[in-house]
Amino acid sequence: MSLFKTYAGLSRDIYYLCLARTINSTGDFIFSLITLVLTLQMGMSVVSAGIFVSMAALISGPGVLLGGYLSDLIGKKTIIVSGQVLSALMIMSCSFWSGTMTIGYLLIAVMFFISITRPAYNALIIQLCPEEKERKSAFSLMYLGANLGIALGPLIAGFFIKDYVHIVFLSIGTVFLISTFIILKKVYVGASDQTMQTNTGERGHHTQQPQGEQQPYGKQQHQEHLQPGQPEHKQGRSPSRQQQGSESLPSPLFPMLLKNPLVVFFIVVSFLNYFIYMQYSFSLPLQMNQTFGEHGAAYYGSVMTINAISVILLTTLVLSATRNFTALNSIAAGALFYGIGFGALYLLGDWPQFAIVAVSTVLWTIGEILVQTNINLYIASRVPDSHQGRFNGLLLFVGCLGYTLSPYLTGLFIRSVDMKSVWIIILGISLLYAVCMILLWYIEKNATNNRGIESPDYSKSV
C-alpha cells in the first residue's frame, strides 16, 4: 500500500477528475460497440461494419483538433461537460432506434464528441497541477483509472448486449451523465477556467517550475509569447488575456509552433509511439491465429487479460520506480520495453509457446505504462496555458494518424515479408523512437548548459 503514497498530496480536484474519468471509461468502448451492434443486432457483414468503425476513427482526428481549439477559447471544463452531455444524450437516443442504421451514424457522432473532450482532459490536468511531479502522478492516476473502467465496462455489457442492447445504451448514457455531474460539481474551475487560473495566480503562475528545477527549454521565451500589453502573472497584476479565453480569441498557434521547434519535433515523432502501440490490436491477433490456429482467438483474449492485470498491478510500481526520471527518459525507456516486448514475438517462429507471448505482453505493457503516462508531460512544461488545449489536440491528432495508418502499413509489411519478420521491423521502429527521445533530451541538455553561462536560472539540466 505504500506504493499508493505516490498519489498522495494531489489536489481534491484531481481526485474527482480521475474518479469521473474512471466512471466515464466504463462506457468508453464505442469502437467495439459499433462493431458488435452492427454485426450481432443488424446482421451486417464484417466488411460493412468495418467501414463504420473506420469512419468513427477518421472523425476523431478533426474532433481532437476542434476540442483543443475550443478548450483554449471557452475553457477546458466547459468542453468536457458539453461534449459528455451531448455524447450521453446521443447514446441514450440509440435505445429508441434499435435495429436501424441510425444507430451506426449516432455512434459515429458520439465518437466525435468524445474525441473533443480528450485534449480538454489533458489540458485540465496540466492546469490543475502546478508542478511536474504532480502532473506525472495525476496522469498516472488518470491512466490507471481509465484502464480499470475500460476493463469493467465491456465485461458487464457483454452479458446484455445481445438481447438487451437498449439497456446497454441507457447504462452508458447514465454513466456519462454521472461522470459529467462529478466534474461539474466537484472540479473547481470557474467559467472559461478563469477561477482556477486566478487562484493559481495567487500562489504563483502554475507553469512556474518547482524550486531547484530548471525552467524547461523554450519556456524562457514565455514573455515573448505574451501579446503586447499583456501583464505577467508573477508580477501580481490583473488577469491577462491568457486568462480571458471567453472574452477574446486565443493567440495564434502557428507563431508558437515556430518558437518551439523541439515541441513540434516531439509531436511529429510521437507518431511512432501510436504506430507501435497499435500492433497489439492488429498484428498480435494475426500472430496468435498463425501460431495457435483455431485456438488463436482464445489465446488473444488471454493476452488482453494479462495486459489488463499488468496495467492494474504495475502502473503504480513503475511510476514509483521512475519517479525521478524526466518525461523524455521515461518515454525512451518505454520505447525500449516496446521493442523488447514485441520483438520477442519473433521467437514464436521457432518456439510456438504461449509462455513467450505472456512474457512479451508484460514487457510491452511496461512500455505502454511508461510512454502513455509521460507523453503529455513534455508538452505540459513547455507550452503556456493559453495553448495547452491546441498542442494536446495536435498530439492526439498525430495519435489518430498513427492508429489509422498502422494497420494498413503493417499489412503491407506482412504481405512483403512474413508475419514473424514484422516483429523485427517493430523492434527497429521502437529503437528509432527511443533514439529520437534521447536525441531530444541531449539537444535540450546542451541548450540548457549554454544558457546557464548567461542565466543561472537555466543552469540545471532537464
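Trainee: Leaving aside neighbours within four places in sequence, which residues is F275 in contact with?

Mentor: First, the ground rules. This is a predicted model, in which local features need pLDDT of at least 70 and side-chain atom pairs count only at pLDDT 80 or more, while totals for chains, interfaces and linings use all residues. Residues are numbered from 1 along each chain as its sequence is written, and side-chain values use heavy atoms, with hydrogens and water left out.

Now the residue. F275 is in contact with G402, S406, L409, T410, F413, I426 and I429, once neighbours within four places in sequence are set aside. Contact here means heavy atoms within 4.5 Å. F275 sits in helix α11, and with a relative accessible area of 4% F275 is buried. Buried means under 20% relative accessible area, exposed means over 50%, and partly exposed lies in between, using a 1.4 Å probe and protein chains only. F275 and T404 lie 129 residues apart in sequence, but their C-alpha atoms are 8.6 Å apart in space.

The helix numbers come from the chain as a whole, which has 18 helices and 0 strands. Both are DSSP runs numbered from the N terminus, with helices being H or I of at least four residues and strands E of at least two. The chain has 462 residues, and buried ones make up 52% of them. Among contacts with a separation of 6 or more, 82% join residues 24 or more positions apart.

Helix α11 packs against α14: their axes come within 11 Å and cross at roughly 30 degrees. Axes are lines fitted to C-alpha atoms, for helices over the stretch in contact, and the angles run from 0 to 180 degrees between N-to-C directions. The two helices, α11 and α14, are therefore roughly parallel to each other. By convention, angles under 35 degrees count as roughly parallel, over 145 as roughly antiparallel, 65 to 115 as roughly perpendicular, and the rest as oblique. The crossing of α11 and α14 is left-handed. That word applies if the near helix is turned anticlockwise from the far one by less than a right angle, and right-handed applies if it is turned clockwise. On the α11 side the contact is made by F266, N273, I276 and Y277, and on the α14 side by L328, I331, Y338 and F342. By class, this contact has 7 nonpolar, 1 polar and no charged residues. Ala, Val, Leu, Ile, Met, Phe, Trp, Tyr, Cys and Pro count as nonpolar, Asp, Glu, Lys and Arg as charged, and the others, Gly among them, as polar.

F266 leads on to the core. The largest nonpolar core has 47 residues, and F266, Y433 and M437 touch the most other members. Helices that each supply at least two residues of this core include α11 (261-277), α14 (327-343), α17 (388-416) and α18 (419-454). A nonpolar core is a set of buried Ala, Val, Leu, Ile, Met, Phe, Trp, Tyr and Cys residues joined through side-chain atoms within 4.5 Å. Beyond four places in sequence, F266 is in contact with L328, I331, I375, Y378, I379, M437 and L440. Apart from this core lies another, of 32 residues, among them F113, V187, A327 and L377.

L17 lies in helix α1 and counts as buried, at 0% relative accessibility. Leaving out neighbours within four places, L17 is in contact with Y121, L124, I125, L128, M142, I183 and V187. L17 and Y121 are 104 residues apart in sequence and 8.6 Å apart from C-alpha to C-alpha.

Finally, α17 meets another partner, helix α5 (residues 102-128). The axes of α5 and α17 come within 8 Å and cross at roughly 130 degrees, and these helices are therefore oblique to each other. The crossing of α5 and α17 is right-handed. In α5, R118, P119, N122, A123 and I126 meet Q388, G389, N392, G393 and L396 in α17. This contact of α5 with α17 has 4 nonpolar, 5 polar and 1 charged residues.
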